[in-house]
Amino acid sequence: MNKGYKLVVSVGGDGTINEIVNGIYATGGMKDIQLGIIGTGTGSDYIRTIGVSRHYQESCHHLMNPVKKSVDLGMVEFLDNSQSTKRIFANFAGLGFDAEVG
């Protein structure tokens, strides 16, 4: 349930962003909640792709003066213990080796 939050801030890397996007999706807040990103991950492919600074001080400054970007998201549906499950992905989807290593 969306409790009226307008902004959720991710502090981490690509995996953290992925989990937060799925959490926002689960609340039904995809149109109402903005995602702020402070990239502290190792690879940080997603922030490079969308142009977020790797310097956390600069990212924190941008939270006060945000530049809003709309991005496309993907969805994958799969069976988990015979139950249909949906997951959102913001950057890329990996299967097999990709998913196991990540």
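1. Let me start with a loop. Met-30 sits in the loop between H1 and strand E2 (34-39). Please keep in mind that this is a predicted model. At 33% relative accessibility, Met-30 counts as partly exposed, because that class covers values between 20% and 50%. Met-30 also belongs to a nonpolar patch on the surface, together with Tyr-25, Val-71, Leu-73 and Met-75. The accessible area of this patch comes to about 390 Å² for the five residues together.

2. Which residue of helix H1 might you pick next? I would take Asn-22, which lies in that helix, residues 14-27. Its relative accessibility is 8%, so Asn-22 counts as buried, the cut-off being under 20%. The side chain of Asn-22 reaches the backbone nitrogen of Ile-88, at 2.8 Å. If residues up to four places away in sequence are set aside, Asn-22 touches Arg-87 and Ile-88.

3. How many salt bridges does a search of the whole structure find? The search finds two. One of them joins the side chains of Glu-19 and Arg-87, with an N to O distance of 3.0 Å. This pair links distant parts of the chain: Glu-19 belongs to helix H1 and Arg-87 to strand E4 (residues 83-89), and 68 residues separate them. Glu-19 has a relative accessible area of 48% and is partly exposed. Arg-87 is partly exposed as well, with a value of 27%.

4. Is Arg-48 buried or exposed? At 52% relative accessibility, Arg-48 counts as exposed, because the cut-off for that class is over 50%. Asp-45 is partly exposed, with a relative accessible area of 28%.

5. Helix H2 has another residue to look at, Thr-49. A polar atom of the Thr-49 side chain lies 2.9 Å from the backbone oxygen of Asp-45. Thr-49 is exposed, with a relative accessible area of 52%. From C-alpha to C-alpha, Thr-49 and Asn-91 are 8.5 Å apart in space, although 42 residues apart in sequence.

6. Now for the strands. E3 (residues 74-80) and E4 run antiparallel and are joined by seven bridges. Among the pairings, Leu-79 has Ser-84 in E4 as its bridge partner. The two strands form a hairpin with two residues between them.

7. What is the phi of Asn-81? It is near 55 degrees, a positive value in a residue other than glycine. Asn-81 is placed in the loop between E3 and E4, and with a relative accessible area of 74% this residue is exposed. Ser-82 is found in that loop too. Its phi is also positive, at about 65 degrees, although Ser-82 is not a glycine. At 72% relative accessibility, Ser-82 counts as exposed.

8. Ser-10 lies in strand E1 (residues 7-12) and is buried, with a relative accessible area of 0%. Which residues are in contact with Ser-10, leaving aside neighbours within four places in sequence? They are Thr-16, Ile-17, Ile-20, Leu-35, Gly-36, Ile-37 and Ile-38.

How values were computed: Residues numbered from 1 in each chain as written. Predicted model: local features only at pLDDT ≥ 70, side-chain atom pairs only at ≥ 80, totals over all residues. Heavy atoms only, no water. Helix = DSSP H or I, 4+ residues; strand = E, 2+ residues; numbered from the N terminus. Buried < 20%, exposed > 50% of the residue type's maximum accessible area, 1.4 Å probe, protein only. Polar contact = N/O pair within 3.5 Å; in protein donor to acceptor, adjacent residues only side chain to side chain. Contact = heavy atoms within 4.5 Å. Salt bridge = Lys/Arg side-chain N within 4 Å of Asp/Glu carboxyl O. Pairing = 2+ DSSP bridges. Patch = residues over 30% accessible without salt bridge, like charges linked within 9 Å, V, L, I, M, F, W, Y side chains within 5 Å. Areas by Shrake-Rupley, 256 points an atom, 1.4 Å probe, with all protein chains shown as cover.
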